[in-house]
Structures are given as C-alpha cells and as structure tokens.
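Open the model in your viewer and colour it by chain. The stops below go from one interface to the next and say what to select at each.

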Amino acid sequence: MDSPSSSPWKQPLQAGVIAGAVSVLLSLVGMVATFKDRFIISGVFSMGQVIFLAPILLMAYSLLRRTAPQSRQQVILSGLFTGLVGGVVLAALVVIGKNVDLQAMFVNSSPILHNILTFNQPLVPGLLILIAICMVMGVLASGIVLLPQRVATAIIQGVSWILLIGLMRDLIITVTSRWGPLAGLVRLFFANSGLKPLGAILLFALIAGLNYWRSGRPAPVVKPAQTKERPLIYYAKWIGLGVLLLLLPPILGIFFSDILDTVFMYILMGIGLNIVVGFAGLLDLGYVAFFAIGAYTMGVLTSPELNADPMTYWQALPFAMIACVVSGMILGLPVLKMRGDYLAIVTLGFGEIVRLLALSDWLRPWFGGSQGIQLIAQPTIGNFVLNTQQELYYLFLLGVGIVAFIAWRLRDSRMGRTWMALREDEDVAIAMGINHVATKLMAFATGALFSGIAGTIFAAKLQSVYPHSMNFLVSINVLSLIIIGGMGSIPGVFVGSLVLMGSPELLREFAEYRYLVYGALLVVMMLTRPEGLWPDARRRLELHEEELEKEAQELADAESAATETTK
Amino acid sequence: MNKRLLVLLSVLLAVSMLLPACGPAPYECTDAIGCVTVAPGEPIHLAYAMVISGPDETLGIDSRTGVEVAIALKGKLLGHDISLTGEDDGCSAEGGQAAGTKLAADPTIIAVFGTSCSSAARVAVPLLSQAGFVIISASNTAPDLTRAGDPNNHPGYLRTAHNDEVQGAAAAQFAYEKMGVRKAATIHDGSLYAESLQAVFAKTFQELGGEITTQEAVDPNATDFKSVLTSIAAGGPEFIYLPIFVKAGSLITRQAKEVPGLESVYLMGADGMFSPDVVEGAGEQVEGLFVSSPDLAAFSADYQTVFLPKYKELAGVDEPVSIFHAHAFDAANIIFAAIEKVAVQDEDGTLHIPRQALRDAVYATKDFAGLTGNLTCTPTGDCADPKIAVYEYHVGEYPPERIWP
Amino acid sequence: MLRTWRQRITATDIVIWTIGIAIAVMVVYGSAKTLALGKYTTETWIDLAITGLALGGVYALIALGYTLVYGILRMINFAHSEVFMSGPFTAAFAADALVRLGWWNRFPVLSLLIVLAISAGVSALIAILVERIAYRPLRNAPRLVPLITAIGASFFLQYTFRGLYGSGLKGYPEMDIFKGFWMIAGIRVFKTQAAAIIGAIILMLILYAIVQRTKMGKAMRSVSEDKEVAALMGIDVNRTIATTFALGGAAAGLAGILYLLLFPVAHFYMGFFPGLKAFTAAVLGGIGNVPGAFLGAMVLGLLESVGPSLFLDGLGIPAAYQLKDAIAFTILVFILIFRPSGILGERLTQAKA
C-alpha cells in the first residue's frame with residue numbers, strides 16, 4: 001500500500017473506494033435514514049448526513065497524513081480525487097437502488113435513503129450535488145492537512161466538539177435543566193433538534209479559539225513522580241476527588257446517578273474478576289454466576305413473596321456473602337487442573353447452569369422461575385431507607401471503596417505475589433512450593449465474593465431479580481472492561497468501567513444502532529491501545545519496553561530543550 | 001486576554017437574550033403534581049420506553065411505529081408540533097430502570113408510551129409515575145400491573161393491551177368448546193408473558209374439565225424442538241398451547257408435524273405469534289396454526305384504510321411486524337384527546353398542561369372510538385376493549401383467517 | 001504400594017471425585033428410573049438420537065472454524081458465530097431469487113450448489129475481513145486482547161446484518177427433494193436429517209483432508225507449531241493465517257446451509273447460540289483437534305436431544321427441556337474432570353494457559 005513509485009492516483013482511488021464502501025454500508029444499515037431528522041446544527045446538517053460524509057473526510061485525511069510530504073497542488077488533487085471516487089460509489093448506490101429492487105434484500109435501500117443522498121433534488125442534479133459535496137469533503141481534508149498544525153488541531157477540536165454537543169443535545173439539556181439560571185443559558189444554544197446555527201458558530205469559535213490559545217503555550221514539563229516525599233498537593237488531589245465523588249449525585253441528578261450506579265456495580269465486579277483473571281490468570285467466562293447467586297440469595301431471604309419471615313438487607317448480606325464464597329470454591333475445585341480455554345468454557349457453563357436453574361420451573365417454588373423475585377428489601381440506615389438511585393449510589397461507593405482497598409492490599413501481599421507467580425508460569429510456581437490449590441481457590445472465592453456483593457446491591461436497587469438479567473453478556477462485559485482498562489490494574493477497572501458501561505448509556509442517542517457503534521468502539525479502542533487505557537505498571541513494562549525507552553528518551557530531550565529555552 | 005473578554009461578552013449577550021423570556025406569566029399552576037409549559041414554537045414532548053434492540057425488538061419497534069403513525073396523522077396538537085423521543089427498555093428489569101430513570105429526569109415530557117414488557121414495567125412505572133407522567137402501555141399484559149392494591153399498580157399507569165387473564169382464558173375456551181379437545185399440553189419460553197399466559201390457560205382448561213398432560217418450557221433461543229415435542233407426544237395431547245414468540249414459535253410449528261404422535265395435534269399461539277414472520281418462518285407447516293389475538297374484525301374500518309397505509313409508509317415494510325401497533329396508536333390518541341381537554345392555552349400560543357388533571361382525564365376516558373374498539377378505562381388503568389378472536393394461518397397468507405368466535 | 005497411592009490422594013482429589021461420582025450417580029439413577037417408567041418407546045429414543053446427531057453435524061462444522069483458528073493462533077474467535085450467521089442469512093435471499101426464477105425445484109442440485117457457494121463465500125469473506133481488521137494488528141498483543149476485539153466485531157456484525165437485512169425472520173424455502181422421510185430398517189429418518197448428517201461427515205472429511213494432505217494444510221500446521229520458524233522456512237505466515245480463517249469461515253457457511261435445511265429460518269441473531277454450542281463442542285472434543293471437534297459436537301448434539309428425557313424425566317423434574325443446556329454443561333464438567341484436555345485432546349501440560 002505504501003509504494004510511492006506506483007501511479008499517484010492509485011492510493012486516492014483505493015481510499016475513495018474504501019470510504020465510499022463504508023458510506024454505502026452505513027447507508028444500507030439504515031443509520032443515514034434513521035437520523036435524517038436528527039440535526040446536529042438545526043436546519044443546516046443532520047446526523048444522517050454526517051454519517052455518510054464523515055467516512056470520506058476521514059479517509060481522505062488519513063490518506064493524506066500517511067503519504068510522504070507532497071506539493072500543495074498534489075495534496076489538494078488527491079483529496080479531490082478521493083472525494084470524487086467516494087462520491088461516485090455513493091452515487092452508484094442511488095442509481096442501482098432506483099433501478100433494481102434492492103429493497104427485497106436490503107431493507108433500507110428505500111426512496112427515503114435516495115432522497116437524503118440526493119439532497120431532495122431530482123436524480124441527476126442530486127447526484128451531481130452529492131459528488132460535488134464529497135469532493136468538497138476531500139478538499140477540506142487536504143485543507144486541514146495543509147494548514148499549520150496548530151490551526152488544524154484547533155479546527156479539528158472545534159468540529160469534533162460541535163458534533164458531540166449537537167449529538168448529545170437531549171442529554172445536555174436534561175442534566176443542565178437542574179442548574180437553575182444556567183439551564184436557560186444552555187437552552188439558548190440549542191434548537192429543538194441540535195444546535196442553533198449561531199450557537200454552533202459561537203461554540204466553534206470558543207472551542208477552537210481556546211484550543212489555539214492553549215496550544216500556543218509551551219508544554220508543561222512533566223516531572224517524574226517522586227515516590228518518597230509526597231507534597232500536600234498530592235493528598236489534596238485525592239481528597240478533592242473523594243469530595244467530588246460524594247457530591248456527584250445531587251449535582252448530576254437521578255439519570256446520571258443511575259448510570260454511575262451501573263458503572264460502580266461493574267467496578268465492583270471488575271475488581272473481583274480482575275483478581276481472578278488479572279492477578280491469578282484464570283480465564284473466567286461465567287462470572288455472572290456469582291452475581292446471580294448474590295442477587296438471588298438476597299432475593300430469597302428478604303422477599304416476603306418466598307419467605308414467611310423476611311430478613312432485612314443487612315441481615316441477609318452475610319448469608320449472601322457466604323453463599324458466594326462457597327460457590328466460588330465449588331466452582332474452583334473441579335477446574336483446578338484445567339487450563340486456559342478449558343477453564344473458560346467450564347466457567348461459562350457454570351454461569352449458564354446457574355441462570356437455567358434460576359429460570360427453571362423445577363425450582364420455581366424456591367427461586368420464582370421466570371416470574372423472578374419481587375419486593376426485595378432495600379438497605380436501611382437507622383430509619384432511613386436507601387431507595388433512590390442517588391441514595392444507593394453511596395452504598396455502591398462504599399462497596400467499591402472497601403473492595404478496592406482490599407484488592408489493592410491483596411495485590412502487594414504475599415497472596416498477590418503468589419497469584420502472579422501462578423499466572424506467569426504455573427509449573428514453575430508449583431515447583432517453587434506454591435500451594436496452587438489454596439491459591440487458586442482463594443482467587444475464585446475472593447472474586448466470587450466481590451461479584452456477589454454487587455449482586456446484592458443490584459437486587460436491592462431493582463427490588464426484583466429476573467433470571468434474564470443474569471445472562472452471558474454480563475460476564476462478557478466485565479471481562480471486556482478489565483481488559484480495556486488494562487489487565488491486572490485496579491485503576492484500570494475504574495477507567496474501563498466508566499468507558500465501557502458509561503458509553504452504552506450515553507450511546508442511547510444511537511437508539512437501535514447502539515450496539516453497532518459499541519462494537520466498533522470496542523475494536524477501535526483495542527487496536528489503538530492494546531495494553532488498556534490504564535495499564536498496570538508491571539505489565540506495561542513487559543509489553544512495551546522499547547516504547548518506554550523511547551518515551552523516556554523523548555522526555556529527556558524535551559526536558560533538556562526546556563532547560564535550554566529557560567536559559 | 002482578548003479571548004477571555006470575548007467569552008465574557010458572549011455570556012453577557014446570552015444572558016441579556018434570556019431576560020425578556022422571563023416576562024410575567026398570567027397562568028398560575030394549581031395542579032397537585034405540577035404543570036408542563038410548552039412555549040410557542042416548541043413541540044409537545046411525548047416519549048416512549050420500548051424494546052428497540054435485541055431479540056425482542058420487533059415488539060417495540062412495531063408499537064413505536066403505531067405511535068408515530070398517530071403523530072403523523074394528528075399533525076399539530078393545539079398548534080404545536082408533537083415530538084417523540086425515547087429509550088430502549090431492553091425488555092428487562094434493568095433496561096426498564098435505565099429507561100425509566102432517563103425519562104423521569106426530563107421534566108418536559110408529558111406522557112410516556114410503554115413499556116413493551118411487563119418485567120420492565122414493574123421497575124420503570126414507579127419511576128415514571130413519581131415523575132408525574134401519564135404512562136400508557138400498548139403491550140404489557142401481566143395481570144398485576146392493573147390489579148387494585150397490588151404493589152405493582154401505580155397511579156398514572158394505564159394500558160390499552162388486554163390483560164393476560166382475558167386472553168389465556170379465551171384460548172382455553174376455544175380449545176375446549178370450539179375444538180372439543182380434552183387433553184392439552186402447554187409450552188412456555190421462560191418469559192413473563194408466556195409463563196403467565198400458559199398458567200391462565202392451564203387453570204381455565206382444567207376448570208372446564210380438560211386435562212393438562214404436560215407443562216413444558218423451552219429456551220427461546222434454541223432451534224431444535226423435536227426432542228421436547230417428542231417428550232410432549234408421550235403424554236398424548238390433542239392440543240398444544242404455545243403462547244411464545246415468533247422465532248421459537250415458528251420452529252416448533254415446523255417441527256411438530258414431523259414428530260410421531262403429533263401429526264394431527266392442534267397448535268395454538270397467542271398474540272406474540274401474530275406476525276407475518278410466522279408465515280415466513282413456519283413455511284408450509286403454518287397451515288392450520290391457530291393464534292389468539294385482539295379481534296381485528298372489531299377494529300374500526302380506519303385500521304385498513306387509514307392506519308395501515310401510513311404505517312407501511314413510515315416503517316417501509318409490507319406488513320406490520322407485530323400486533324400491538326393499533327393499541328399503541330389508540331394509546332397515543334387517548335393522550336392527545338386528554339391533552340386537548342385539559343390544556344390551557346395563552347394568547348401567544350403557550351400551552352399549560354396540568355399533570356394530575358391530565359391523568360384524571362385519561363382515567364375518565366369513556367367509549368373512546370379507537371382502532372381496537374370502544375375503549376373505556378377502569379380506575380386501575382385497564383383501557384382495553386378485550387375482544388379476543390382466534391385466527392387460523394394459511395400458507396403464504398397474511399393476515400390469518402378469523403375463525404372464532 | 002498402597003501407602004504411596006494413599007499419599008498421592010489429597011483432599012481436593014476426594015472432593016473432585018465426589019463431584020464426579022455424584023454426577024455419574026445422578027445420570028445413571030435418572031436414566032434407570034426413566035427407562036423403568038417406560039414412557040418412551042425404543043423408536044422414540046432412536047428418533048431423539050437421530051435428531052441429536054443431525055444437530056451435532058451442524059455443530060461439528062461450526063466447531064471446525066473454532067478449532068482451526070485455535071490451533072493456529074491459540075485464540076478463541078468469538079466472532080465466528082457471526083461469521084456463521086452471515087453466509088446462510090445472505091444465501092436465504094439467493095434461495096428466494098432462485099425460487100422466483102423457478103430453478104429451485106427444477107434444478108435442485110445446481111440451486112443447492114449456488115446457495116452453498118454463496119453461503120461459503122460470504123462467510124469466508126467476513127472471516128477474512130475480521131482477521132484482517134480486528135486480529136492481525138494485534139498478533140503480538142496479550143492473549144486476551146483479541147478476545148475483546150472479537151466480541152466487538154461480533155456485536156458490530158450482528159447489528160450490521162440486522163440493519164442490512166432487517167430484524168425479521170427470513171424463511172428458507174424447502175426443496176422438494178428434501179421433503180419426506182426414508183424408512184431405514186424400520187426407523188424413520190427425515191431426508192433433511194440424513195442430508196445434514198451425511199453432508200457434515202463428507203464436508204468434515206474433505207476439510208480434514210485439506211488440513212492433513214495439501215500443501216496449504218501443511219503450511220497451516222507448521223504455522224501453528226511455530227510462526228517464526230515457519231516464516232524462516234519461507235511460509236507466508238499472514239497468508240496462511242488468512243487462509244485458515246477463510247477455510248473455517250467457508251466451513252461455517254456450509255454448516256449454515258445444513259442448519260437452514262434443518263431449521264429453515266434465518267435471522268440476525270441466529271449465530272450466537274449455535275456458535276456458543278460449537279465452541280463448547282470444540283472444547284469437549286479437545287480444542288485444536290479436528291476429529292475431536294467432530295466427536296465433541298456429536299456428543300453434545302446427543303446430550304441436548306436425549307439427555308433431558310433420559311436423565312431428568314425419571315426424577316420427576318418438570319419442564320426437563322428447559323434444562324438441556326444445564327445438562328450439557330454438567331456433562332462437560334464431568335468429562336473435563338476426568339480428561340482435562342477434552343475427549344481427544346493431547347495432554348497440554350506444557351501449553352501456556
């Protein structure tokens with residue numbers, strides 16, 4: 001692909017075809033038509049249009065960035081050509097769709113789509129407009145490439161933020177509506193769908209200007225963290241974070257508190273699974289089982305539906321915890337000898353068995369079957385019942401605090417080192433005299449316990465449990481978040497959960513295309529940061545020794561440059 | 001810094017633009033749970049909480065289209081546009097909570113259409129009820145949601161869907177009286193809907209004097225049902241009631257005839273299987289499959305002439321993908337009528353909608369000429385005109401033929 | 001002698017054996033009681049077994065994709081279930097077109113070949129794309145990272161196909177030549193079932209021959225042994241891996257058509273559960289092992305079909321078929337307790353977990 005000797009048109013042609021193909025795919029998938037009335041800037045351009053034009057702009061941009069420095073003319077021409085090819089591919093979709101009954105197969109190849117692609121014009125002028133606009137996209141891309149870096153970055157930032165803000169209109173209005181006078185101010189920028197044109201221009205100027213101004217300042221010199229003396233400011237930062245965490249629910253309102261509850265619930269589970277997978281290296285695909293056991297134990301013990309003498313949340317909690325630890329060990333024993341993917345499938349099976357038993361008509365008198373369990377007790381403090389999501393947030397916060405502390409202490413304990421030894425090489429670890437039975441069981445039991453606690457709060461939060469909530473996807477989500485955060489890293493669990501569990505909630509804007517976007521995000525995230533968003537220092541060292549050395553070198557260079565300028 | 005000055009100036013400008021908007025308001029809200037004000041040029045904000053992704057999505061997408069048709073046909077309501085936003089209820093309790101919470105946080109919403117599934121309703125409805133909305137569902141059929149005194153019954157919640165108790169009982173009567181069978185088996189798929197329908201069916205059928213040979217359950221995502229059918233065949237039923245959904249339902253229909261002992265058994269589904277997908281999925285074996293459903297013959301003539309064309313245009317499909325679109329359409333129109341009744345309009349077009357008054361107006365709905373019949377809401381929120389009919393499928397034909405009563 | 005034997009047994013062994021024996025006793029007791037009840041006739045049991053074998057054949061072909069990829073990259077290709085879905089879902093539309101042309105029953109063999117080719121082609125193409133975009137850049141990343149891209153790709157593909165072809169069910173037309181049944185030695189065998197079993201066996205043998213006998217297969221095996229050495233020996237590693245994905249994908253696409261013969265309904269969600277089952281089957285047989293995948297799939301198919309009636313009916317458990325996956329997984333645990341590397345798996349004690 002990178003052979004410069006071949007014809008100068010080859011690469012733009014390739015890029016144009018790929019971009020056009022992506023646009024065609026997104027059109028046929030239905031995203032373009034679904035979001036045709038969803039304006040980013042009211043009356044000017046809609047999300048649907050962004051969806052089919054963005055691939056062309058992005059592809060042209062990445063092509064031009066990749067290729068070696070060229071003359072100004074060449075850059076503009078290749079941009080133009082990429083746009084042309086992309087436009088022609090899209091136009092072909094319209095022409096074919098108008099003449100062949102594509103809709104029998106591709107349900108979204110409808111007149112609605114064709115009208116959007118031809119900008120509501122008759123066929124021929126419409127197609128010409130389409131191709132012209134695609135070419136403009138290509139030229140825009142070359143324009144950004146040709147501009148000085150600082151200006152280009154400012155523009156890119158401005159545009160991205162406008163897109164994001166326009167997209168999140170409803171969300172922003174919902175949240176800010178609680179903020180009194182500020183709400184009116186925010187409303188001024190927005191139309192009934194998307195931003196007002198004037199508001200968009202104002203915002204763009206603001207963001208791009210700020211960015212331009214900021215990038216003009218010399219980059220702050222990063223000092224290597226000093227481990228011995230921690231200045232007061234170090235603690236102040238953490239205290240500030242703590243206070244912020246405590247204040248979040250009233251600031252953000254109930255909707256964001258609900259998302260935060262979900263995020264924290266997954267952090268709880270993530271920390272637990274991180275011990276099993278990240279520390280001890282045991283791949284567990286059925287982690288939802290313990291979550292289910294925690295939730296169901298809580299349900300069975302506290303619901304008056306199944307129980308003549310229901311307990312309170314706090315009375316039932318120890319039983320739920322014991323149930324989880326015991327089941328963790330029961331799972332742990334048979335899988336002691338299994339490794340890698342055999343372990344994965346057995347744990348997966350365990351998760352399914354638990355769900356199916358909870359669902360079964362057979363055990364219905366005890367677990368409620370498909371009707372689930374309702375009227376589950378909510379935790380009380382004195383006479384105060386924690387029942388809204390904002391109040392339960394504090395319970396999650398408390399749980400996460402305790403569990404994170406335990407996990408953090410465990411990691412650096414003797415047990416933690418044993419786990420890691422087992423993870424690195426089981427045979428050597430056993431040869432060194434490590435009791436692999438106790439070690440593995442401990443990992444399973446701890447992981448199960450944390451997940452079970454999350455389950456009890458989940459049950460209390462919904463006041464009901466249904467077997468359908470205990471599906472395989474929960475296990476997959478927890479596993480994904482610890483890998484996205486960075487395996488074995490505790491802060492990674494926080495970041496991973498925030499990104500992974502927060503984003504689908506925010507992606508609700510995409511309605512039925514939520515999981516499509518989510519899947520694409522997962523792939524992109526892992527391709528760009530395979531070590532995770534906040535990798536464990538030790539792992540990072542193993543994986544990226546060379547890069548780290550390079551980075552250190554760059555840091556040193558920057559520092560010396562900085563000292564030179566100050567001289 | 002000049003830029004900072006610019007920021008400050010723009011903020012000031014924005015605030016000064018805001019001030020005139022805060023003029024004196026002649027309308028004073030005296031409603032017990034508050035009012036919604038819709039400024040001129042702003043739309044009336046309605047919302048949905050329905051399942052629009054995952055395996056059950058056709059249920060929600062179908063009802064959502066029903067609401068969209070109602071909005072499209074209505075055009076403007078008291079001079080305002082109607083906007084519909086919404087959330088995915090995921091057909092699950094946690095999905096219901098997320099959707100309910102999100103919608104409850106938006107004070108501009110007047111009414112919510114949903115939820116699609118009863119498990120979602122049990123969690124979402126309390127949240128939405130607390131927020132002062134009217135909630136009206138087109139497809140929740142669980143009996144407890146509208147049972148007086150039940151903890152799952154909340155103020156402001158109504159439904160245009162019929163109660164499971166009506167449909168399950170009708171199916172049992174059809175089997176016992178019309179088809180004259182005495183031995184029946186049931187299959188559910190572990191969903192709330194199917195489980196409670198088959199329970200009602202079994203109870204009624206036994207009360208009529210019939211015998212239930214087996215009550216089996218299947219995994220809705222399984223594909224091979226021959227084994228379970230073979231085991232059902234051992235009980236020798238003449239009739240199998242399977243109030244499940246399209247996917248498993250059509251596969252069971254296909255496979256049942258191939259199982260020895262079930263060659264001449266009658267199969268009957270419920271409204272979850274009233275869908276063109278059944279004709280597509282069950283192929284030739286669809287012949288003779290019964291489904292119970294709201295009685296389309298009792299539907300007003302507008303259903304064929306006005307509603308369906310618009311539905312097909314909006315959804316871009318040949319046939320409705322599920323059965324509750326008409327109920328959703330009626331739900332929307334009940335809301336429109338109630339808004340028209342209680343809204344107070346200022347001279348400049350500003351609307352004030354008192355929430356409790358709106359609820360009262362919806363509960364007071366009487367003899368409302370809807371698509372699904374003449375609707376009258378009970379004090380606990382059952383608005384359906386519960387006429388159940390039984391239909392028989394024929395190969396390649398949709399909708400199926402009405403045969404009972 | 002006795003002493004050393006006793007020393008080698010630890011408390012954990014006792015617990016594990018107790019679990020194993022408990023499962024075995026349940027199975028034997030349940031089966032004995034069911035048979036004693038005499039609710040089912042011999043024909044019924046044979047019917048159930050044939051159903052199970054037909055299902056097993058489909059699982060086997062899907063499992064092959066998992067096993068081939070696992071053998072070469074040591075990773076679980078979670079997106080394989082979507083690879084499986086893509087081919088037959090597309091082919092169902094082609095079948096519709098053939099019906100409209102009137103070819104479907106007039107030229108059944110030709111039609112079948114066209115449909116098979118389309119299904120295998122689309123699945124292979126999707127498999128190659130997934131490998132190129134989601135796996136190749138991560139070849140040296142930690143082991144679990146491609147697992148996450150696989151899950152992401154899986155979501156993406158599922159909902160892409162939902163968008164392309166719609167969320168409804170797509171019926172697959174029945175072919176006259178597959179209607180009805182044969183009586184073989186007094187046993188009724190549906191033609192579709194026979195076709196699925198025979199088709200699966202033939203395809204499996206062909207694919208096995210490709211892996212074992214051809215130059216390409218040799219290249220695959222050498223890459224799976226050691227990528228670096230294989231590269232030094234002049235094997236294009238990237239290309240071999242892509243070929244492996246294509247082969248696995250094509251097998252999944254062919255499996256898809258057999259699947260549609262048995263269960264003639266296609267939809268965007270159809271891949272997930274068969275994929276999960278096939279993965280289980282591959283592990284049950286010993287992952288990385290082609291005959292193992294076949295054996296595992298057959299065992300799993302039988303367990304799902306016969307298991308609930310045989311093991312649970314006698315115990316008086318209602319709605320036994322609701323628990324069929326629970327039975328399958330329990331037996332899986334049971335087998336893996338005694339053979340931790342699957343039925344035919346080699347002892348992978350040195351393999352990195």
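**Stop 1: chain C against chain B**

Between chain C and chain B there are 4 salt bridges. For one of them, select C:K170 and B:E280, whose side chains meet at 3.7 Å, N to O. The interface of chain C and chain B also holds 10 residue pairs in polar contact, both residues at pLDDT 80 or more; that threshold applies because this is a predicted model.

Now select the chain C side by element.

Pick out C:L169, C:F263 and C:Y321, which supply 19% of the area that chain C buries against chain B, more than any other three residues.

**Stop 2: a helix of chain B**

Select residues 325-342 of chain B, which form helix α11. Its 18 residues reach 26 Å from the first C-alpha to the last, close to the 26 Å expected at 1.5 Å a residue. Is α11(B) mostly covered or mostly open? Mostly covered: 15 of the 18 residues in α11(B) are buried.

**Stop 3: chain A against chain C**

Move to chain A and show its contact with chain C, where 57 residues of chain A touch 63 residues of chain C. About 5,300 Å² is buried between chain A and chain C, 78% of it on carbon and sulfur atoms. On the chain A side, select A:D341, A:Y342 and A:I345; these lose the most area to chain C, together 14% of what that side buries.

How many salt bridges are there between chain A and chain C? The count is 0. Residue pairs in polar contact number 5, with both residues at pLDDT 80 or more.

To finish, select α1 (10-29), α14 (340-359), α20 (472-485) and α22 (514-528) of chain A, each of which supplies at least two residues of the side that touches chain C. The largest share, 12 residues, comes from α14(A). Coloured by class, the side of chain A that touches chain C shows 43 nonpolar, 6 polar and 8 charged residues.

Terms used
Residues numbered from 1 in each chain as written. Chains lettered and ligands numbered in written order. Predicted model: local features only at pLDDT ≥ 70, side-chain atom pairs only at ≥ 80, totals over all residues. Heavy atoms only, no water. Contact = heavy atoms within 4.5 Å. Buried area = accessible area lost by both parts, 1.4 Å probe. Polar contact = N/O pair within 3.5 Å; in protein donor to acceptor, adjacent residues only side chain to side chain. Helix = DSSP H or I, 4+ residues; strand = E, 2+ residues; numbered from the N terminus. Nonpolar A, V, L, I, M, F, W, Y, C, P; charged D, E, K, R; others polar. Expected span 1.5 Å × (residues − 1). Buried < 20%, exposed > 50% of the residue type's maximum accessible area, 1.4 Å probe, protein only.
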